[in-house]
Amino acid sequence: INDTAQFNKVTAEYKFTVQPDHRWRCEVYLEGQYVAAGIGPKKLVKHIAANEALATLRQTQAVVKSNLRKEGYSDAISRSQILARSGEESTRQEIKEDNIGNQLLRKMGWKGGGLGRDGEGIAEPIQIKEQFSREGLGMDTDKSAHQLDKHDIEGVIRNYAVSDRQDDLRFSTDLTNDERKQIHQISQKYGLRSKSYGQGRQRFLIVSRKVKTDQLIGQLLQEGQVGRYELIKPQAS
């Protein structure tokens, strides 16, 4: 009920009274209008009343349902996929003619390709890897080779932010706490929402667009489903 009230930008109010048999009665109001009531023990009566209110609303009102929990894990972005995408973007980035290093090499006779007299040296610039996690000197080098940095993550989120995609970005459970923290920070930078779900090794992260309620409802009325949101028609209809 609280989520429903927040989504529709209305106030939710609960009124409690004690019954003659010492049980409690809880009445649910939305924007001052009575919706439903429940009777039970003091610790449970609010939950009972909220369930009654939801059942009543479903009879006459359309429901916007989030299918987050039902989504499969096949589309979740893993660490290896992020690293692969970052590597592909790096190889596509060409050094421009006005690059200082490019100009200095050409003055020394370099015409492109590998370095050295016969072009037997490296042909691609050495990639700089920024490290934003807490590991310092003496860290496991094998582990760091597979650790995501800000550049790796930002590329994925930036591409999503500038696209017209309506679905969410779901990051897999193999990310570390530091990597999820970076995703939250970068998502905020691009005006996106981010939230982690689950516990322990089952914890994953969702990045989504900030959608206005009126806009979402309009799209759902036309299309029936937008991203993970689905419009369920009233049961009484």
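Mentor: Start with the classes used for a lining. Ala, Val, Leu, Ile, Met, Phe, Trp, Tyr, Cys and Pro count as nonpolar. Asp, Glu, Lys and Arg count as charged, and the others, Gly among them, as polar. One caution before we go in: this is a predicted model.

The structure holds two cavities of 30 Å³ or more. The largest cavity has about 90 Å³ of space. Twelve residues line the largest cavity, and the closest to its centre are Gln-166, Asp-168, Arg-209, Val-211 and Tyr-229. By class, the lining of the largest cavity splits into five nonpolar, three polar and four charged residues. Among the residues closest to the centre of the cavity, Asp-168 and Arg-209 are charged because Asp and Arg belong to that class.

Next, the open space. The largest pocket has a volume of about 1500 Å³. It is lined by 37 residues, and those closest to its centre are Asp-3, Thr-4, Phe-7, Asn-8 and Val-64. Helix α1 gives the most, with six residues. By class, the pocket lining holds 20 nonpolar, seven polar and ten charged residues.

Now step back to the chain. It has eight helices and nine strands. Of its 237 residues, 29% are buried. Take the contacts between residues at least 6 apart in sequence: 52% of them join residues at least 24 apart.

Start with Glu-179, which forms a salt bridge with Arg-79, the closest N and O atoms being 2.8 Å apart.

Lys-189 makes another salt bridge, with Glu-154, at 2.7 Å from N to O. Here helix α7 is tied to helix α6 (residues 150–162), and the two residues are 35 apart. Lys-189 has a relative accessible area of 54%, so it counts as exposed. Glu-154 has 11%, so it counts as buried.

Gln-182 also lies in helix α7. Its side chain reaches the backbone nitrogen of Lys-150 at 3.3 Å. Gln-182 is buried because its relative accessible area is 7%, under the 20% cut-off.

For contrast, look at Asp-21 and Arg-23. Their side chains meet in a salt bridge, 2.9 Å from N to O. Asp-21 has a relative accessible area of 42%, so it is partly exposed. Arg-23 is partly exposed too, at 42%. In total, the model has four salt bridges.

Definitions and conventions:
Residues are numbered from 1 along each chain as its sequence is written. This is a predicted model: local features need pLDDT of at least 70, side-chain atom pairs count only at pLDDT 80 or more; totals for chains, interfaces and linings use all residues. Side-chain values use heavy atoms; hydrogens and water are left out. Buried means under 20% relative accessible area, exposed over 50%, partly exposed in between (1.4 Å probe, protein chains only). Helices (H or I, at least four residues) and strands (E, at least two) are DSSP runs, numbered from the N terminus. On a 1 Å grid over the protein atoms alone, a cavity is a set of points where a 1.4 Å probe fits but cannot get out, and a pocket is an open set with protein on both sides within 12 Å along at least five of seven lines; lining residues have an atom within 4 Å of a point. Grid points are joined across faces, edges and corners, and a volume is the space filled by probe spheres set on the points. A polar contact is a pair of N or O atoms within 3.5 Å; within protein, one must be able to donate a hydrogen and the other to accept it, and residues adjacent in sequence count only if both atoms are side-chain atoms. Contact means heavy atoms within 4.5 Å.
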